[in-house]
Amino acid sequence: SITTMAEQQQFYLLLSNLMSPDNTVRKQSEEAYETIPGQTKITFLLQAIRDASAAEEVKQMAAVLLRRLLSSSFEEVYPSLAIDVQTAIRTELLAGIQSEGSSNIRKKVCDIAAELSRNLIDVSLRESANFPGIFGNQQQHYLEVIKRMLVQCMQDQENPQIRTLAARAAASFVLSNESNTALLKHFSDLLPGILQAVNESCYRGDDSVLKSLVEIADTAPKYLRPNLEATLQLSLKLCADTNLTNMQRQLALEVIVTLSETAAAMLRKHTNIVAQIPQMLSMMVDLEEDEEWAMADELEDDDFDSNAVAGESALDRIACGLGGKIVLPMIKQHIMQMLQNPDWKYRHAGLMALSAIGEGCHQQMEAILSEIVSFVLLFCQDPHPRVRYAACNAIGQMATDFAPTFQKKFHDKVISALLQTMEDQSNPRVQAHAAAALINFTEDCPKTLLTPYLDSLVQHLHVIMVAKLQELIQKGTKLVLEQVVTSIASVADTAEEKFVPYYDLFMPSLKHIVENAVQKELRLLRGKTIECISLIGLAVGKEKFMPDASAVMQLLLKTQTDFNDLEDDDPQISYMISAWARMCKILGKEFQQYLPVVMGPLMKTASIKPEVALLDTQDMENMSEDDGWEFVNLGDQQSFGIKTAGLEEKATACQMLVCYAKELKEGFVEYTEQVVKLMVPLLKFYFHDDILHEITITFLDRSMPLLLECARVRGPEYLTQMWHFMCDALIKSIGTEPDSDVLSEIMHSFAKCIELMGDGCLNNEHFEELGGILKSKLEEHFKNQEVRQAKRQDEDYDEQVEETLQDEDDNDVYILTKVSDILHSIFSSYREKVLPWFEQLLQLIVNLICPHRPWADRQWGLCIFDDIIEHCSPSSFKYGEYFLRPMMQALCDSSPEVRQAAAYGVGVMAQFGGESYRPAFTEAVPLLVGVIQSPDSRAKENANATENCISAVAKVMKYRPECVNVTEILPHWLSWLPLNEDKEEAVHTFTYLCDLIESNNPIVLGPDNTNLPKIFIIIADGVVNESIKGEDGCSKRLANVIRQVQVSGGLWTQCVSALNEAQQKAIQDLLNTA
């Protein structure tokens, strides 16, 4: 009708306006579009897409909106359409796929069909799960229709485009149902068609299906199992074909590499996977000759599009994925052959390959490290500079991967080889890389090992620094100087006070660089020099550095005042921020005067907000990682991107804020509120690349309790306000944080804060939310254990999988320890009034201590009950029915950790438990004595548990003497002293020993004080093992005992003559300090 045509034309105008660059027009159009009913939208949008006369951009916009409508509002719009309208929509879409002239629009129509299919399947699966039989045979029919449609389209001989689009739709369907194993099995016969389309489309210059295959390898790798051989063969064939583009070859390699990460066990069963390792190595040989290379003065970032870099990265990931047991034996031979090849590119690739596999093959390489290092060092003298560069790279990488073993075993060979390579004046690029390797080496080198080489290192570094300073002045070249300055800093950082004699050799030149290197191209050099000066200052200490401190501060202040003129990406910023913090450590409280100058730029940097974006794969390729963007694949060719530029500086700035709070304490109080408001929102930041990870962990682990300490100066009201601002965010993030490393830090920090704030710091809402979260953490703990048990039954289970499961288990237990920390802080702050709240968790904690559970569960379950006994008695006894029997059994457990937790429990029961527990001691003491007297009770692994048993016996004798025969046990107990490992329990035993001596207990002193020499030995050993510290009350009492003996000449001589030299010195030290 005419009305409809007019409406349709009006709708086209609306679509055009939605793309208008004018914000007002676009906003009005968006509002108008939102008012159109969903059913009308679908009709108009589909008409627009199928209208041959409509403009291409209008059709494109309509396609995007229709897909979005089906994706976000399917439930509201589609099911309420009449059945004939639904059928018409499906028919129109299929017709569009077959007849649309524009490949761009056809691709978008295909995407809409895939979105519709996905939603229809979701509905049918959901309905059949909730109401089996509601559709009768309808559900099966739906799935069969989709499957037949996809298979037919993938076999369409006439039209290669249709085959490609159908393969993408099939892949999209697989990805949408990644967790539905039965469904994927039913659709497994789509895979051969997808693989065929991958092959065909690549040779037509289209890699979209190959990208879909990478996504399947990532999220639904088991789907590939029936055709794994074919998938691997195809990927290898494409990867090896030099007629394809680099991007396509790398994507084909990505399929295999991704599988090595997501389905390593499945891949390890395919031993002919070995075939693809040489493939990566041959990609690494794909290097270009470059006459200018050795003299380049600017370091370009790695070219991530190059085959050499892609091959190296793939090798690194595959070694980590499949494990060194498989990778090293099959690659070692190839690398050795490459290193003997007359062509430099092969030698270079072989050395870079050694660098790449260090992490994944760590254990296996460590066994043959001497052989590898000797071989690599030969290449420091290779005739080709780029091979020498690669040798330095391998040394630097191994120095990091195998520290400190590498440093301890090879210090002499490595230091001399690197110093020699650093003299390669005609190849600055090699010189700089040798200096970089030296930095890696010294960073993890123990001070004692480095000290003998200091003279030689300093002399070489000084000669090169002077020469390169001359070159900078004459030619403007700076690359080597930048690295050498950092090498000097690294040596000073490791050598600490041993660097004092060399201070005057370097400091004048370094200050000269900071004063004069003001040109833009020298910013990095200046930044590194500022870092070097501050590290040397920290190494040599305040006394040596003080004469220069004022001048250095002025230089830094000058740069700081120019700070506002610095561009955001100026490398000096992060060096400045770190240098200030080091100056703060050197100057201590004297640094407070500089805070007003420092804090502005520091807060500005710490406040950097990263840009984030949701992109499809096409957009993502246009915004390459070179521009500082990093991406996470969300599936369906969508990615989440974050611009990481500035994040490293943000991390540094956050660390420095923590440093100031720690060093200046109350001197930092002015800034606590600002810092808390800046940092708490970080808890909500989920994109955990390593940098953000570092920010969050740094902030949480150290700063929250520190900032509360600083804020305390301002009085209780200010402190409480600040705590409530933190507390809500902390509790929420414990519930939502997905990363276990960050989660454990948040939990640890939260527990510390509760201990600091004490009773009353949590309100009812806090308790309610926290209770629910801790309950779900414990339930998750049990569920994860079941999942791991199921994985042990999987057909791909092998010893490497077991290693991974063990790691997951360790992770889970670590979170359990943090649950225990939080409960400890609550029990110790709130005592028995918190028990009604705790009861929602009681059954879960009881589950932890069941005899069939793993030892770590039993250990931490008992620790939680220990805390209840210690802090919530006598009320704790009402739970005795749950824990007393397991605790008594645990005293004789095969695991020392469980024995220790149980013994500690008996000790606090005696000390704090109250009358109700008396019957328990009659049973417990013989068991404790049995553990202490067993033959291997003092073996290293048993020592802590045994010492807790000895301390528990002491507590029973001290606090519940009526429950045991003290006279009979005391002589034995005396023979078990002193405690050397558990310092806290040692204090309890020494305090009890003082009680006994001071009350002239005849059993302890023996007839005519004959036991005193033995008691002197116990006290002396306690001092030697630092179980007795000069400042505590117990040591004063022990010193008094000694002084009393001192005045009776003969007895004193007798006691002292029983001691060896170290023990005599210990007694003297105790008398001097206590």
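**Group meeting: a walk through a helical chain**

Setting aside neighbours within four places in sequence, Phe 591 touches Met 553, Trp 580, Met 583, Cys 584, Val 598, Tyr 660 and Leu 664. Please keep in mind that this is a predicted model.

Where does Phe 591 belong? The largest nonpolar core has 364 residues, and Phe 591 is among those with the most contacts inside it. The others named with Phe 591 are Tyr 660, Phe 668, Trp 723, Leu 762 and Trp 973. As general background, nonpolar side chains tend to be buried together in soluble globular proteins.

Now the chain as a whole. It has 53 helices and three strands. The C-alpha trace spans about 120 × 80 × 60 Å along its principal axes. Of the 1074 residues, 55% are buried. Among contacts with a separation of 6 or more, 72% join residues 24 or more positions apart.

The crossing is left-handed. On the α39 side, the contact includes Phe 767, Leu 770, Leu 774, Lys 775 and Glu 779. On the α41 side, the residues include Trp 837, Gln 840, Leu 841 and Leu 844. By class, this contact has ten nonpolar, five polar and two charged residues.

The second pair is α45, residues 918-933, and α46, residues 943-959. Here the angle is about 145°, and the axes are 9 Å apart. This crossing is left-handed too. From α45, the contact takes in Phe 921, Val 925, Leu 928, Val 931 and Ile 932. From α46 come Thr 946, Cys 949, Ile 950, Ala 952, Val 953 and Val 956. How do these residues divide by class? There are ten nonpolar residues, one polar and no charged.

Is Leu 351 buried or exposed? Buried means under 20% relative accessible area; Leu 351 has 0%, so it is buried. Beyond its neighbours within four places in sequence, Leu 351 is in contact with Leu 339, Val 376, Phe 379, Val 387, Ala 390, Ala 391 and Ala 394. For a sense of distance, Leu 351 and Ser 20 are 331 residues apart in sequence and 55 Å apart in space, C-alpha to C-alpha.

Key:
Residues numbered from 1 in each chain as written. Predicted model: local features only at pLDDT ≥ 70, side-chain atom pairs only at ≥ 80, totals over all residues. Heavy atoms only, no water. Left-handed = near helix turned anticlockwise from the far one by under 90°. Helix = DSSP H or I, 4+ residues; strand = E, 2+ residues; numbered from the N terminus. Contact = heavy atoms within 4.5 Å. Nonpolar A, V, L, I, M, F, W, Y, C, P; charged D, E, K, R; others polar. Core = buried A, V, L, I, M, F, W, Y, C linked by side-chain atoms within 4.5 Å. Buried < 20%, exposed > 50% of the residue type's maximum accessible area, 1.4 Å probe, protein only. Axes fitted to C-alpha atoms, helices over the stretch in contact; angles between N-to-C directions.
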